[in-house]
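This report looks at the pockets of a protein model and then at one of its helices. The structure comes first, followed by the terms and the description.

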Amino acid sequence: MADDANVKKEARKRAASLVAQPDILGVVGHYASEMTVSTVDIYDQNNLVLISPGSTTEELTEKHRKIFFRTSYSSRFAAQTLAKYLRSAGKNQATVLYNPGSSSGAYFTQAFKRQFQDDKTGKTVRIREFDLSKNEFNAQTALNQIQRTGETAIVLSPDGQITNSLNNAIALVKANRDRHWIAGIWVLYKWRTLEAVSQLKSFEKLIVSVPWHPLSSVNKKFPQQAQKLWGGTVNTDTALAYDATIALIKAMEMQQQPSREGMQKTLSLPNFIVEGGTGTIQFGKNGSRQNPPSELVHIVKCRKEQFGVAFVPVKYPTAKAAGLKCD
């Protein structure tokens, strides 16, 4: 994994290159919150609109930048969804493992703790081996510490792949062997997670929060068209990037003479609205998407899928119920 500082330095270099080109009126990016936090002020100082399909941290909207928008939900939204699910499943104690140097991880953890402890009966505990970004992170050590706290749900918030935290999170999923409930953020919605889980006998106690899943899409035509065009299922990252692109195109169409200032003002209009692949796109005053889609998924067996398993919304208990053809 590349060094965190070098990755951010490269992102700032790319941002400086983009803002220096006057013909560019809007940018789709960045994906990881860490990259967007590092570059957003460069775009802001040059009045260049930035629509992120993947940056969830609240840090980007606490200090308002008029050029920043996002088509995904926020980390607070994901934290609330996971906390409510675990409480409804009867879990009264949880611990969060994350990268403390990551903006998205820190904001997610704060929001999760507030929501989980909201009714005073939920409790969050901290273990020593909580830092997923550590190169020497030991999944078994973390599990041993968790087991000493009693019946505790594990919440995983790896960063946007700027450190080794995703690999460490997946290692913990494997080592857990379905003993403790595990709730993870969108970063875990990866083929690498499916590959790891396919090696386990049981994986019923794993859920992941995602902004969108094709099986629950409000726009039914979009996943079907993507399947026909590419011969495969469209993933969440691609769908939200598509929506960011559609929003930029719509903003340009609404101007007689498109400009950087015009893009920002158009996207900020209360009546700016466009139908995207994941549903209706409209932005609030701070640039966050209004009423963003959200889904909780789990993993089910399906022989015809890669690794023999697949992510489906939790409302479908099996692959057959989800309409997947597995035989």
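## Residue classes

In the counts below, Ala, Val, Leu, Ile, Met, Phe, Trp, Tyr, Cys and Pro are taken as nonpolar, Asp, Glu, Lys and Arg as charged, and the others, Gly among them, as polar. The model is predicted.

## The largest pocket

The largest pocket has a volume of about 820 Å³. It is lined by 25 residues, of which Tyr-189, Pro-214, Thr-233, Val-234 and Glu-305 are the closest to its centre. Two or more lining residues come from each of helix H8 (191–197), helix H9 (221–230), helix H10 (236–253) and strand S12 (309–313), and S12 gives the most, with four residues. Sorted by class, the lining of the largest pocket holds 13 nonpolar, eight polar and four charged residues.

## The second largest pocket

Among the 14 residues lining the second largest pocket, Ser-74, Arg-76, Phe-77, Ser-288 and Arg-289 are the closest to its centre, and by class its lining has three nonpolar, seven polar and four charged residues.

## Helix H2

Helix H2 covers residues 33–45, and because its 13 residues should span 18 Å at 1.5 Å a residue, the 19 Å between its end C-alpha atoms agrees with that expectation.

After H2 comes Asn-47, with a positive phi near 55°.

How values were computed:
Residues are numbered from 1 along each chain as its sequence is written. This is a predicted model: local features need pLDDT of at least 70, side-chain atom pairs count only at pLDDT 80 or more; totals for chains, interfaces and linings use all residues. Side-chain values use heavy atoms; hydrogens and water are left out. On a 1 Å grid over the protein atoms alone, a cavity is a set of points where a 1.4 Å probe fits but cannot get out, and a pocket is an open set with protein on both sides within 12 Å along at least five of seven lines; lining residues have an atom within 4 Å of a point. Grid points are joined across faces, edges and corners, and a volume is the space filled by probe spheres set on the points. The expected span of a helix is 1.5 Å times one less than its number of residues.
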